[in-house]
Each structure stands twice: as structure tokens, then as C-alpha cells.
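Subject: Structure for you to look at

Hello,

Here is the structure I said I would pass on. Please open it beside this email and follow along.

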Amino acid sequence: MLAFLPSKRKQSSSGWLSFNAPCCVHNGNSADRRGRGGIKVSDQGWSYHCFNCGYTASFILGRNIGFKARKLLEWIGVPENDINQLNLESMRHRSMEGMLEDRQREWNNTKPIEFKEAELPEFSDFVTPDSPAEWAYLRSRCIPEDYPLMVAATSRSGVVIPFTYNNQVVGSTIRFLDDRNPRYINDTQSGYVFGMDLQQTGWQHVIVTEGIFDALCISGLAVMHNQISDEQARLIRSLGRDVTVVPDQDQAGLALIDRAAELGWAVSIPDWPDTVKDINDAVKLWGKLPTLLTIMQSRETSKIKIELRKRQLEKKINRPREIDA
Ligand SMILES: [Zn+2]
């Protein structure tokens with residue numbers, strides 16, 4: 001379009017190109033003879049401002065040419081064919097990323113989040129002091145007494161942990177007490193995040209962890225993996241809270257840090273002693289409130305600081321362990 005601008009023009013140091021504005025006579029003003037029309041061109045398009053009649057117009061590469069921009073081009077003398085050609089090229093410039101973003105946004109706004117109702121595995125009763133092994137196990141892991149957990153009707157002793165969403169059962173896991181593999185048997189649905197129903201109205205923060213017991217003992221969320229799927233991210237975002245991801249302090253946890261930073265979420269890597277690998281370990285040692293405090297104190301939102309903390313953690317993990325004599 002620069003080819004169509006009047007030949008008499010002036011370039012300012014801030015990048016504005018000024019010339020006699022073509023707009024004024026079309027807006028009931030007298031013609032500009034003092035070079036009061038200005039245009040600034042960038043890689044992303046251009047914007048125009050007239051200091052005589054006040055007309056403004058802009059164009060962004062990747063978008064349709066708007067009404068005012070089209071008018072301006074006409075006044076400058078750009079043929080209609082060329083304007084239409086410019087429009088087509090602009091649309092072709094639309095980046096792949098932009099299109100994917102648009103699609104994601106559309107999908108996010110239209111598809112409701114729901115999970116199918118599920119059956120619980122067989123269980124004999126709720127866990128109470130009458131089932132001493134299961135009761136002691138849950139107490140040792142600092143699980144609140146009011147969360148409904150059941151005694152699994154399996155040959156290995158275990159507890160059934162219901163997965164709920166909107167207070168409906170949508171899955172479950174059995175955690176066996178003997179620590180043999182498999183330690184868990186999961187029945188879960190794609191995109192599910194454990195702990196949504198633990199979040200209370202009015203809370204500003206939500207803590208995202210890997211493990212179910214970490215989530216239970218601190219009223220957080222568990223993604224049950226060292227990854228966070230796009231569906232899970234969407235579910236977590238639907239809470240509208242400030243998200244803080246707390247990775248397990250082991251090799252697998254490093255992947256969760258990268259993903260959290262990618263999602264633009266805060267990460268907290270408290271400087272816990274070697275024996276404390278995750279939130280549950282911390283709660284067992286210090287209790288819920290002090291653990292929450294260490295998490296909030298170590299909360300980092302800047303990507304650079306998150307990366308630095310990750311490298312520190314990496315060093316700590318790979319450091320040779322002291323061996324008892
Ligand atoms: Zn004007």
C-alpha cells in the first residue's frame with residue numbers, strides 16, 4: 001500500500017510516515033495541506049491517524065480488512081481489486097497457531113464438562129475404627145476422617161477411594177495396604193481430576209498435585225500422573241482459581257514442572273528435607289497448615305524462577321545420597 005501514498009511524505013523517528021491526509025474531504029473537513037495524516041507500518045499490519053479530521057483506521061495481518069481501513073485505501077486510490085487481493089493474502093497469513101487457538105477456545109466454550117456415572121468396586125463397609133488395619137493406614141497418611149472411604153472386598157487388604165464430580169461417583173481407585181505392586185487399581189475417565197469436590201466456594205487458590213493422598217490430605221487436586229492433559233487443564237481452569245502446581249520431588253516430578261510452566265501456572269517446590277518427597281510426606285511430618293505455608297512461600301509465577309527452582313531440584317535429586325555407616 002506504500003506505493004499508493006502521496007510521493008510527498010515525511011518519516012518521523014518514531015516510525016510514523018506523514019503526508020497530506022486523504023480522509024478529511026470525505027468527512028466534511030477542508031483538504032489537509034500540512035501533512036497531518038500519519039501511518040505506522042509494522043510486520044503485523046499498519047495503523048493510520050489523521051490529526052486534521054481525527055479519522056483513524058488500522059489493519060492487522062491475519063484479519064479481514066475492516067470498513068474504515070477499506071475506506072482509507074479507497075481514498076488513497078487503491079483499486080478495489082487490489083484491496084480484495086490484500087484481504088485474501090491477509091487471511092492466508094493467519095498463523096496455524098492462531099487457528100488452533102481459535103478452535104481450542106471454541107471447543108472450550110461449547111463442550112460441557114461431564115463424566116459418566118460409575119459403579120464402585122465391591123466393599124464391605126466404610127472405614128471406621130471397627131476396621132483397624134484400614135483405619136490405622138488412613139490415619140498414618142493423615143487422611144481426614146470425614147472423607148467417605150471404604151474397606152475393599154478384595155483378597156488383599158485395601159481401601160476404596162471414590163472419585164466424584166459434582167458429588168456423583170464417576171470412578172474410583174483401590175489402594176492396597178501392603179505396598180506390593182500394583183499398589184492401586186484405578187477406574188477413571190479421560191480428563192478426570194481428583195478432588196474437584198474438595199474445593200470449597202470462596203477459596204482463591206487451588207493446589208495441583210500428582211497423587212490422590214497428596215490431594216486428600218491438603219484438599220487439593222490430583223492429576224494422578226506426572227502429566228496434565230489438555231482436558232484436565234480445562235477442568236482445572238473451570239474452577240477460576242489461582243493454580244499452584246506442587247510436583248513430587250523426584251525424577252518424574254520434573255516433567256510436571258515443565259507442563260505447569262507451559263500452562264502458565266505457578267509452581268511451588270519447597271525446600272523440603274530428603275525424606276520428604278511429596279505433600280503427603282510433608283503433612284505427615286508437620287501437619288496440614290505448616291505444609292500449606294511452605295507451599296505458598298515457595299510459590300513462583302515467573303517462568304525464569306520456575307526454571308531455576310527446577311534445576312535446583314534436579315541437582316538435589318541426582319546428588320549422591322549419604323549412606324549410613
Ligand atoms: Zn483527515
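This is a predicted model: local features need pLDDT of at least 70, side-chain atom pairs count only at pLDDT 80 or more; totals for chains, interfaces and linings use all residues.

Five strands make up an open sheet, in the order 6-7-8-9-10, and their pairing is antiparallel. At the edges are strand 6 (123-126) and strand 10 (184-187), each of which pairs on one side only. On average, neighbouring strands of this sheet are turned by 30 degrees against each other, direction ignored.

Start at strand 6. Three bridges connect it to strand 7 (residues 150-152), and the two run antiparallel. To find this place in the viewer, look for D125, which stands opposite V151 in strand 7.

Next comes the step from strand 7 to strand 8. These two strands also run antiparallel, joined by two bridges.

Strand 8 and strand 9 (residues 168-176) are paired in the antiparallel sense, over eight bridges. Here G158 stands opposite F176 in strand 9. These two strands form a hairpin as well, with two residues between them. In that turn, N166 has a positive phi of about 50 degrees.

**Strand 8**

Why is strand 8 (residues 158-165) largely enclosed by the rest of the structure? Eight of its eight residues are buried, so the rest of the structure largely encloses it. Buried here means under 20% relative accessible area. The residues of strand 8 point two ways: G158, V160, P162 and T164 go one way, while V159, I161, F163 and Y165 go the other. Residues on both sides of the strand are buried.

**The cavity**

How many cavities of 30 Å³ or more does the structure hold? There is one. The largest cavity has a volume of about 40 Å³. Its lining consists of Y147, F163, T164, Y192, F194, G195, M196, D197 and L198. By type, the lining residues of the largest cavity divide into six nonpolar, two polar and one charged. Two residues of this lining, F163 and T164, came up above in strand 8, where they point opposite ways.

Regards

Terms used. Residues are numbered from 1 along each chain as its sequence is written. Side-chain values use heavy atoms; hydrogens and water are left out. Two strands pair if DSSP finds at least two bridges between them. Helices (H or I, at least four residues) and strands (E, at least two) are DSSP runs, numbered from the N terminus. Axes are lines fitted to C-alpha atoms, for helices over the stretch in contact, and angles run from 0 to 180 degrees between N-to-C directions. Buried means under 20% relative accessible area, exposed over 50%, partly exposed in between (1.4 Å probe, protein chains only). On a 1 Å grid over the protein atoms alone, a cavity is a set of points where a 1.4 Å probe fits but cannot get out, and a pocket is an open set with protein on both sides within 12 Å along at least five of seven lines; lining residues have an atom within 4 Å of a point. Grid points are joined across faces, edges and corners, and a volume is the space filled by probe spheres set on the points. Ala, Val, Leu, Ile, Met, Phe, Trp, Tyr, Cys and Pro count as nonpolar, Asp, Glu, Lys and Arg as charged, and the others, Gly among them, as polar.
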